[in-house]
Amino acid sequence: MSQTTYPNDGLRQLIEGYRHFFKGNPPRKGFCALHAEQIAHTQNPHSMVISCFDSRVCPEAIFATNDGHICVHRNMLNQVDPKDASMMASLRFAAESLKVQNIVVLGHSNCNAVAKLKDLACLPAEIAGWLGGAGARYEGDSYEQAIKNNVLAQLSRLREIDFVARQVQERNLHLEGMLFHIHSGRLERFDDVQQRWNFVNTEE
């Protein structure tokens, strides 16, 4: 029996799905014509995941979710940019129309976007404009710390968005920061109470 407590059932499903992924026996059923009709008319996702553009990071696989259980917004740096119309529309739709229980900012190890924050001037204008346009900075004494600090910075931005803050205050929405380690498959969660990162127990 699991000893972990969760703020809601959606986050429990994410963590339990991750444990299936880590052990190599994910129960996820990918979308196909055989069960398309089951989700054709409605969707009821329990979580929204803001993930990086990196092709090695697939939230649906990491959390072993069935189709219709999570909605994913991907961009370089898993960035919450209030000036990005696509991000803001997705957030509002997820929080107010889909009424997701969680918004997860999912960072990852070896994030090239974080590394590029060190020298934006050398990048093509489109990439530099996106990475630095919302004020993202390389902050930390190590590469891993900078990646983690970027996740925390995006969580802070989420809390400053009025409709997100309102849902959080009313306890209808939970914000979560996570870090996926590509080389090992391990997952860390940020404990907002203890203000530290902890690896998810893979054995519960």
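1. On the cysteines, please bear in mind that this is a predicted model, and that it holds zero disulfides. Cys-58 is in no disulfide, the nearest cysteine sulfur being that of Cys-52 at 13 Å, and with a relative accessibility of 32% Cys-58 counts as partly exposed.

2. Cys-111 is likewise in no disulfide, although the sulfur of Cys-52, the nearest cysteine sulfur to that of Cys-111, is 4.1 Å away.

3. His-73 belongs to strand 2, which spans residues 70–75, and its relative accessibility of 11% places His-73 among the buried residues. Setting aside residues up to four places away in sequence, His-73 touches Met-48, Val-49, Ile-50 and Ser-51, as well as Asp-84, Ser-86, Met-87 and Ser-90.

4. Glu-188 deserves a look of its own. This residue lies in strand 5 (residues 187–191) and, at 3% relative accessibility, counts as buried. What does the side chain of Glu-188 meet there? It makes a polar contact with the side chain of Lys-148 at 3.2 Å, and another with the side chain of His-181 at 2.7 Å. Beyond its neighbours within four places in sequence, Glu-188 is also in contact with other residues, including Glu-144, Gly-177, Leu-179, Trp-197 and Val-200.

5. On one side of the pairing, strand 4 (residues 174–180) runs antiparallel to strand 5 and is joined to it by three bridges, with Arg-189 of strand 5 as the bridge partner of Met-178. Six residues lie between strand 4 and strand 5 in their hairpin, where Gly-185 takes a positive phi near 80°.

6. Strand 5 also pairs with strand 6 (residues 196–199), again in the antiparallel sense, over four bridges. The hairpin formed by strand 5 and strand 6 has four residues between the strands, and in its turn Gln-195 has a positive phi of about 55°.

Notes
Residues numbered from 1 in each chain as written. Predicted model: local features only at pLDDT ≥ 70, side-chain atom pairs only at ≥ 80, totals over all residues. Heavy atoms only, no water. Disulfide = S-S within 2.5 Å. Buried < 20%, exposed > 50% of the residue type's maximum accessible area, 1.4 Å probe, protein only. Helix = DSSP H or I, 4+ residues; strand = E, 2+ residues; numbered from the N terminus. Contact = heavy atoms within 4.5 Å. Polar contact = N/O pair within 3.5 Å; in protein donor to acceptor, adjacent residues only side chain to side chain. Pairing = 2+ DSSP bridges.
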